[in-house]
Amino acid sequence: MGKWDDEYDVVVAGSGAGAMAGALAAASAGLRTLVLEKTRVLGGTSAYSGAAVWLPGTRVQERAGIGDSTESARTYLRALIGDDGAAHREAFLSTAPELVEFLERDPAIEFRFQAFPDYFPAPGRMDMGRSFVPLELPLERLGEELAGLVRPPVDRDRAGRGHSAKPMAQGRALIGRLLLAFTATGNGFVRTETPLTDLVVEDGRVVGVQAGSVRLRAPRGVLLAAGGFESSAPLRASRAVPGGADWTMAPDGANTGDAIEAAVRIGASTGLLDQAWFCPGLLTADGRPAFTLGFRGGLIVDGSGRRFANESLPYDQMGRRMAGAQGPFHLVWDSRAGGLPAISVPPLTTDEQVAAGRWVQAGSLDELAGRIGLSPQALGETVGRFNGFAENGVDGDFHRGEDPYDRYFSGGRPCVVAVDRAPYFAAEVVLSDLGTKGGLRTDPDARVLDGSDRPIPGLYAAGNTSASFTGPVYPGPGIPIGSAMAFAYRAVQDIRR
Ligand code: FAD
C-alpha cells in the first residue's frame with residue numbers, strides 16, 4: 001500500500017451544487033471534509049446555472065404560499081416517470097424539506113421562490129412552478145479570496161475574465177453561499193487543480209482517492225459529484241449521446257467522466273448513459289453555444305427549411321425533437337421581434353453576432369434563405385404557413401402557445417408571432433446540453449452499486465456523475481441541482497450512520 005499524503009474523514013470529488021451541499025452536510029456534522037476540484041475554480045456547470053432548485057414541499061414554497069406539497073410533487077413525478085424509480089423518488093421527496101431546513105439554518109444560506117413553470121402538463125403540475133433560487137450574494141460577504149474561488153458567469157468565464165463588482169447571482173450565489181457555510185464550519189477544506197484519477201480500495205472498501213501523484217485517505221467515505229461526461233467526445237460517441245462535446249454548456253474541459261470511469265474500474269455499474277439534459281444552443285461568435293429557452297417569437301427550421309416542433313417547448317423536450325430531426329437548424333426572426341426573441345445564456349445581442357459574422361441579417365426572406373443554404377421556396381412556404389397560424393392564433397402543426405409554459409415567457413401574450421418585417425435574421429441552432437445525466441447506478445442513499453446491485457462500501461455518487469432517477473425525463477426547472485443536492489445530502493446521512 002502506498003503512503004497517504006493527507007487524511008480527511010470524507011473526500012468529495014467535484015464542487016458543483018451537489019458536491020458543495022454534501023460537503024457542507026459532512027463538515028457541519030464534524031467530519032473533516034475535503035472538496036477536491038479538477039479545475040482552478042469551484043462550481044462547475046452549477047456556477048453557470050440559474051440555480052433554480054426543484055425541491056418540493058419545503059419551507060420556501062410554504063413561505064411563498066403557492067400551495068406546493070410533497071403529495072402533489074409525488075403525483076407529478078409518478079405521472080411522468082412511473083413507479084420504476086419509486087424508491088429514489090420517495091427518498092428525494094422525503095429529503096427535500098429536511099435538506100432545505102438544514103441549509104437555511106446556516107446564516108449564509110437563504111432562498112426565495114421564483115416562478116418558473118413545471119415542464120409537463122401532468123397531474124400535480126404547478127403552472128407557476130415550485131422551484132426557488134438563492135438570494136444574491138455581495139462579493140464583500142464572501143471576501144476576495146473565496147470569491148476568487150467561485151467560477152464566474154459563462155460569458156466572463158469563457159473570455160477568461162473574473163467576476164464583475166456586482167453581487168453574485170444565480171449559480172454563483174448558490175456556490176458562493178455553500179462555500180461560505182462550508183469554510184465557516186472549520187472542518188471544510190478545498191483543493192483546486194487536483195483531479196481525482198482513481199479510487200483506493202482496501203479489503204473491498206473505498207478508503208481514499210488518488211489524484212495524480214497525491215494519495216488522500218477518506219476512511220468514512222468518498223462522494224463522487226464531479227459532473228457527467230458531456231465534455232468527452234470519445235465517451236459521448238461510445239454511448240451515442242446526441243449533440244457534441246463542443247456544444248455542451250459545461251465549462252471547457254471540466255466534465256470528462258473521470259469519476260464515473262474511476263468507479264467503473266473498481267466494479268461500479270452504470271445506467272442511462274445515452275442521456276443528457278438537452279437544450280437548443282445558439283452558436284455564438286466564439287463558436288460556442290448559448291443555452292436558449294423561452295422563445296416568444298421566431299421559428300426554427302431544419303435542414304430542409306421546415307419547422308419540426310413547437311419551438312416554445314421546454315428546452316430539454318425541444319432538444320429531443322432536434323435529436324430526431326435533420327439539421328442544420330436555424331432560428332429565423334424579423335425586426336418586429338426587437339432583438340433575439342428568446343432568453344439566452346450568455347445574453348447575446350443581434351448586432352454583435354451579426355457584426356461578428358456568426359448570425360445573418362438580410363433584407364428579404366429569399367436572401368436570408370440563400371445565405372444560410374436553404375431553398376428560398378421552402379423557407380418562404382414555411383414562413384408563410386407560420387404567419388397564417390399567427391393570424392389565426394392557432395399553430396395547426398405543432399400547437400405552439402397552447403401550453404401555459406409556452407406563453408410564460410411572452411408574458412401571457414401569443415408566442416406565435418408573424419415573421420414579416422424586414423430586415424430578417426437567422427442564427428444557427430445546435431443540439432446543446434446542460435450535462436449528461438447517465439452515470440453510476442446508486443441506491444436511494446446514493447451508495448454506488450456494483451454489477452450485482454450491491455453497494456460498494458465507502459463509495460457514493462450524486463449529480464450528473466450518477467444515473468438520474470428521472471430517467472429520460474426533465475420534469476421541471478431545478479431538477480438537476482435539486483436532485484444532486486438531495487442525494488449528496490443523503491449520502492452524508494448514510495456516512496454518518
Ligand atoms: P457540475 O456542477 O458541472 O460540477 C462538476 C464539477 O466537478 C466541476 O467543477 C468539475 O470541474 C469537477 N470535476 C470534474 N472531473 C473531476 C475530477 N476528476 N476530479 C475533481 N473534480 C472534477 N440546473 C438546475 O437544476 N437549475 C437551473 O436553474 C439550471 N440552470 C442552468 C443554466 C445554465 C446556463 C446551464 C449551463 C445549466 C443549468 N442547469 C440548471 C443544469 C445544471 O447546472 C447542471 O446539470 C448541474 O449543475 C450539474 O451538476 P454536477 O454537480 O453534476 O456538475
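A residue is called buried when its relative accessible area is under 20%, exposed when it is over 50%, and partly exposed in between, with a 1.4 Å probe and protein chains only. By that rule, W54 and Y76 are both buried. The structure is a predicted model, in which local features need pLDDT of at least 70 and side-chain atom pairs count only at pLDDT 80 or more, while totals for chains, interfaces and linings use all residues. Residues are numbered from 1 along each chain as its sequence is written, and side-chain values use heavy atoms, with hydrogens and water left out.

Rings of Phe, Tyr and Trp (its six-membered ring) form a pair if their centres lie within 6.5 Å; planes under 30 degrees apart count as stacked, over 60 as edge-to-face and the rest as tilted. The count of aromatic pairs is 22. In the pair of W54 and Y76, the ring centres are 6.2 Å apart and the planes stand at 35°, so the pair is tilted. This pair joins distant parts of the chain, since W54 belongs to the loop between α2 and α3 (59-64) and Y76 to helix α4 (residues 70-81), 22 residues apart. Helices (H or I, at least four residues) and strands (E, at least two) are DSSP runs numbered from the N terminus.

Ring pairs also link a cluster whose members include F116, Y119, W277, F291 and Y474. A charge sits over a ring if NZ of Lys or CZ of Arg is within 6 Å of the ring centre and within 35 degrees of the ring normal. The charged end of R215 likewise sits over the ring of W4, at 5.2 Å from its centre.

The ligand is surrounded by 34 residues, and the closest are E37, S46, N255, N464 and I481; to be near the ligand, a residue must have a heavy atom within 4 Å of it. This shell divides into 16 nonpolar, 15 polar and three charged residues. Its largest share, four residues, comes from α2. A polar side-chain atom of D258 lies 2.9 Å from a nitrogen atom of the ligand.

Technical notes: A polar contact is a pair of N or O atoms within 3.5 Å; within protein, one must be able to donate a hydrogen and the other to accept it, and residues adjacent in sequence count only if both atoms are side-chain atoms. Ala, Val, Leu, Ile, Met, Phe, Trp, Tyr, Cys and Pro count as nonpolar, Asp, Glu, Lys and Arg as charged, and the others, Gly among them, as polar.
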